[in-house]
Amino acid sequence: QVQLVESGGGLVQAGGSLRLSCAASGRTLDRNGMAWFRQSPGTEREFVAGITWNGFTTYYAGSVKGRFTISRDNAKNTMDLQMNSLKLEDTAVYYCAADARTFVGSVYARRGEYEYWGQGTQVTVSS
């Protein structure tokens with residue numbers, strides 16, 4: 001069974017930066033696409049960024065493009081999200097997700113495409 005654990009969340013001022021990490025255990029995910037989603041109170045969980053199994057393709061939500069960078073280290077079985085120029089509206093619980101399918105060459109933005117989920121880490125951006 002795959003377990004995903006997020007870390008790196010916290011409180012940061014607007015304009016600041018945070019780096020989230022997702023550590024996978026149970027089995028290696030070097031053949032699986034992964035993604036970050038986020039959810040604010042009263043809203044649907046939304047796609048933030050995704051990366052293919054080999055790291056060759058990334059895809060970002062328009063609201064974070066140019067500010068966030070997704071990366072992965074298959075040797076360490078981890079995925080990161082570097083978040084710069086944070087805005088108040090970035091406040092949310094951030095979730096790590098992994099696709100159960102292997103060797104998929106595209107990034108999917110739909111929540112239903114991902115089978116494995118972490119418990120989430122809170123990111124709060126203050127003014």
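D73 stands opposite T78 in β8. Strands here are DSSP E runs of at least two residues, numbered from the N terminus. The model is predicted, so local features need pLDDT of at least 70 and side-chain atom pairs pLDDT 80 or more, while totals for chains, interfaces and linings use all residues. Residues count from 1 along each chain as its sequence is written, and side-chain values use heavy atoms, without hydrogens or water.

β7 and β8 (residues 78-83) are antiparallel partners, joined over 6 bridges. Two strands pair if DSSP finds at least two bridges between them. The loop between β7 and β8 holds N77. N77 has a phi near 60°, a positive value in a residue other than glycine. N77 is also buried, at a relative accessible area of 12%. Buried means under 20%, exposed over 50%, and partly exposed in between, with a 1.4 Å probe and protein chains only.

## Around β11

β2 (residues 10-13) runs parallel to β11, with 4 bridges. In that pairing, V12 has V125 of β11 as its bridge partner. β9 runs antiparallel to β11, with 3 bridges. Here Y94 stands opposite T121 in β11.

What lies on each face of β11? T121, V123 and V125 form the covered face. Q122, T124 and S126 form the uncovered one. In a regular strand the side chains alternate between the two faces of the sheet.

## The disulfide

The whole structure contains 1 disulfide, a pair of cysteine sulfur atoms within 2.5 Å. C22 and C96 are joined, at an S to S distance of 1.9 Å. C22 sits in β3 (residues 18-25) and C96 in β9 (residues 92-102), so the pair links distant parts of the chain, 74 residues apart. The link is left-handed, with -65° about the S-S bond.

Both ends are buried: C22 has a relative accessible area of 1%, and C96 has 0%.

## F103 in the β9-β10 loop

F103 lies in the loop between β9 and β10 (116-117). The phi of F103 is near 55°, again positive in a residue other than glycine. Is F103 buried or partly exposed? F103 is partly exposed, at a relative accessible area of 46%.

## The cavity

The structure holds 1 cavity of 30 Å³ or more. A cavity is a set of points, on a 1 Å grid over the protein atoms alone, where a 1.4 Å probe fits but cannot get out; lining residues have an atom within 4 Å of a point. The largest cavity has about 50 Å³ of space. Volume is the space filled by probe spheres set on the points.

Its lining consists of G33, M34, I51, D99, V104, S106, V107, Y108 and Y114.

Conventions:
On a 1 Å grid over the protein atoms alone, a cavity is a set of points where a 1.4 Å probe fits but cannot get out, and a pocket is an open set with protein on both sides within 12 Å along at least five of seven lines; lining residues have an atom within 4 Å of a point.
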